[in-house]
Each structure stands twice: as structure tokens, then as C-alpha cells.
Amino acid sequence: MLARILRPGWPLDWGGLPVILISLFLLAILTAALATLQSFADVGTVTIIYLIAVLFAATHGGVFPAIVTSFAAVAAAAFFFYAPIYDFRVYNPIHLIDLVLFVIVAVVTGKLATDARTAKLRKDTDALREL
């Protein structure tokens, strides 16, 4: 069962590595954009924007790349945006809860996106069989 859940959905047999690398690059871009925005305004809770990269990883690579991307996003948020800045420790309980909830939402969203992609592929396969 666990192997079925963590199976990458990438059409190439590379184990989802390209998707993970692209997702991490997308995280870097989002972090740079948030850091720039933070110099002009208070961005508050930043983890919601990182769901973009997690959804990309889930739809193109499956649950495992989504989990890897979500942990990288949590590390980026803790390191760059939550006090103490440039440290992985998080002292504010609200931020800690935010990070834990983000991982949970990312895993659930990743599973849903993977299931939607699998259902679409199954529907396309059934349509081709009917021809």
C-alpha cells in the first residue's frame, strides 16, 4: 500500500527526481519573491504561497515529490521568514502550528492531486480503448 502511495506519477522512469529539482527551483523563486515583498510590506504567514510548488510536485511527480517539496518549503519558511531569522528554530507557537499544518495540507493536497491525475489518465485510457 505504501509503495502504491509513494509511487511517482512522472511519465519517465526517473523516480520523480526531475520534478523534485524543478519544485525546489520554484521554491527558490517564490522565496526570493517573498523576501523582496517582505522589504515593502509585512507578509505574515508565508507558507500558503509555497503550496504552488507543492501542487506542481504533486501533479507532475506524485505524493513523494510533494512531501519532499513540503519539507523544503517548511525549512525555507522557518529559515528566512520566522524569528529568529536565518535559523531553523521556531519559537513562536503560532508559526510552529502553521508549519505543521502546512505539511499536513501539503500531503493531503498532494494525494488529491495525484488521484486526480490518475483518474484523468484512466479516463483517457478508457476513451482510447473504446475507439
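Biologist: Which helix holds Ser23?

Modeller: Ser23 sits in helix H2, residues 17-38, where helices are DSSP runs of H or I with at least four residues, numbered from the N terminus. This is a predicted model, in which local features need pLDDT of at least 70, side-chain atom pairs count only at pLDDT 80 or more, and totals for chains, interfaces and linings use all residues. Residues are numbered from 1 along each chain as its sequence is written, and side-chain values use heavy atoms, with hydrogens and water left out.

Biologist: Is Ser23 buried or exposed?

Modeller: Buried means under 20% relative accessible area, exposed over 50%, and partly exposed in between, with a 1.4 Å probe and protein chains only. Ser23 has a relative accessible area of 0%, so Ser23 is buried. Leaving aside neighbours within four places in sequence, Ser23 is in contact with Ala53, Phe56, Ala57 and Thr69, contact being heavy atoms within 4.5 Å.

Biologist: At what angle do H2 and H4 pack?

Modeller: Axes are lines fitted to C-alpha atoms, for helices over the stretch in contact, and angles run from 0 to 180 degrees between N-to-C directions. Angles under 35 degrees count as roughly parallel, over 145 as roughly antiparallel, 65 to 115 as roughly perpendicular and the rest as oblique. H2 and H4 pack at about 25 degrees, with their axes 10 Å apart, and are therefore roughly parallel to each other. Among the residues making this contact are Ser23 and Leu27 of H2, and Thr69 and Ala72 of H4.

Definitions and conventions
Helices (H or I, at least four residues) and strands (E, at least two) are DSSP runs, numbered from the N terminus.
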